[in-house]
Amino acid sequence: NISDGLPLFFQRQPPMKRTILLPLLLAAATAQANDSTGFVETGGIQYLKNQHIEMQREDLYISQQQIRVSYTFKNNSAQDITEIVLFPLPEIPATPDGDFADTAGLIDSFRIWADGKAVKPQIHVRAFFETKGGKKLDMTAKLKQCGLSDIELMAPWTNRYDHEKVSAKIKACLAPQAAKLKLKVDDDISDFWSAQIVYSWKQTFKAGKTTEIKHQYTPLLGGSFLIPPAEPEKGGPMAKTYCISEDLRRTLADTRHRFRAYTQLGYVLTTGANWAKPIGKFTLTIEREPGQLVSLCWDKSLRKISPTVFRAEKTDFLPRKDLDIIFFADLEPI
């Protein structure tokens, strides 16, 4: 549960006050001129069940430039309900293996509105360290006792920091306890940590009324190159994850396409199954760039409504699977 280990004010509130987690688009890193890619995994986002609040509508728009989500919630009870709403970002390693996405761009672009009014969320930072046994320890409180600031702990996300200065502070703080805590220190203890950012704000859902919450941000993207005939292997992980058809495999293997780049992204949908009822009306819109091909696992409700836009609509929707999307693009021969 994402709330485990958070400060006390993230724990369950008095009656009629609970904590909600909104879904987040989490995906892989950016691909540069080589095929090394760092990935950000979707991380255990869960809603707390709320028997009084239903999600009447969710409109989800996904492109490679922007994610926009609009929710309409209905408080079916006879009294106002105040919730602490959490929007957790994934963990980002301090020393990623490969090229990473524009994480700072996501933070800079993140916006929230509640009933048309801009919301300025609080930002909470958590720092995790790896142990020799493969576990992760939340060392946020200890690092803050040693004088590290939120800005410094956000460094893996923002890349706006003095690496040597932060590393020196971390080593001075944790090195004396490393053996006792069984922390990884093969080379440098400051190489074995990750940072998570959690946005939070209080939201009141009026009795018997609807509340509209919107948010938008720049997605984290991943990808690389396919060089024919190395198209996605039939039955392989990529083919399964994105339900790549035989027709698409043949197109990707076509020797007239010297190179074909791909971009990946993912979105957590399954948390939408934890409200009082299924999502009343769910609309998914996916927009690709001109000339791109797109593949994802969905049913026949997803239809092409323009040369670059696909849309699916569902009623009483109970999501059972998260969303993984892959975009393919032709590149000119070198």
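Hi everyone, and thanks for coming. Please keep in mind that we are looking at a predicted model.

Let's start with the sheet. Eight strands make an open sheet with mixed pairing, running β7-β6-β11-β3-β2-β14-β17-β16.

Now, how many disulfides does the whole structure hold? The search finds two. In one, the sulfur atoms of cysteine 146 and cysteine 173 lie 2.2 Å apart. That pair links distant parts of the chain, with cysteine 146 in the loop between α2 and α3 and cysteine 173 in helix α5, 27 residues apart. Cysteine 173 is buried because its relative accessibility is 6%, under the 20% limit, whereas cysteine 146 is partly exposed at 32%.

The other disulfide joins cysteine 243 to cysteine 297, S to S 2.0 Å. The torsion about this S-S bond is about 105°, so the disulfide is right-handed. Here the two cysteines are 54 residues apart. Counting bonded cysteines along the chain, the pattern is 1-2, 3-4.

Helix α5 comes back in our last stop, the largest cavity, where this helix gives the most to the lining, with three residues. The volume is about 40 Å³. Among the lining residues are Tyr161, His163 and Trp193. By type, the lining has four nonpolar residues, three polar and no charged.

That's my tour, and I'm happy to take questions!

How values were computed. Residues numbered from 1 in each chain as written. Predicted model: local features only at pLDDT ≥ 70, side-chain atom pairs only at ≥ 80, totals over all residues. Heavy atoms only, no water. Pairing = 2+ DSSP bridges. Helix = DSSP H or I, 4+ residues; strand = E, 2+ residues; numbered from the N terminus. 1 Å grid on protein atoms, 1.4 Å probe; cavity = no way out; pocket = protein on both sides within 12 Å on 5 of 7 lines; lining within 4 Å. Points joined across faces, edges and corners; volume = space filled by probe spheres on them. Nonpolar A, V, L, I, M, F, W, Y, C, P; charged D, E, K, R; others polar. Disulfide = S-S within 2.5 Å. Buried < 20%, exposed > 50% of the residue type's maximum accessible area, 1.4 Å probe, protein only.
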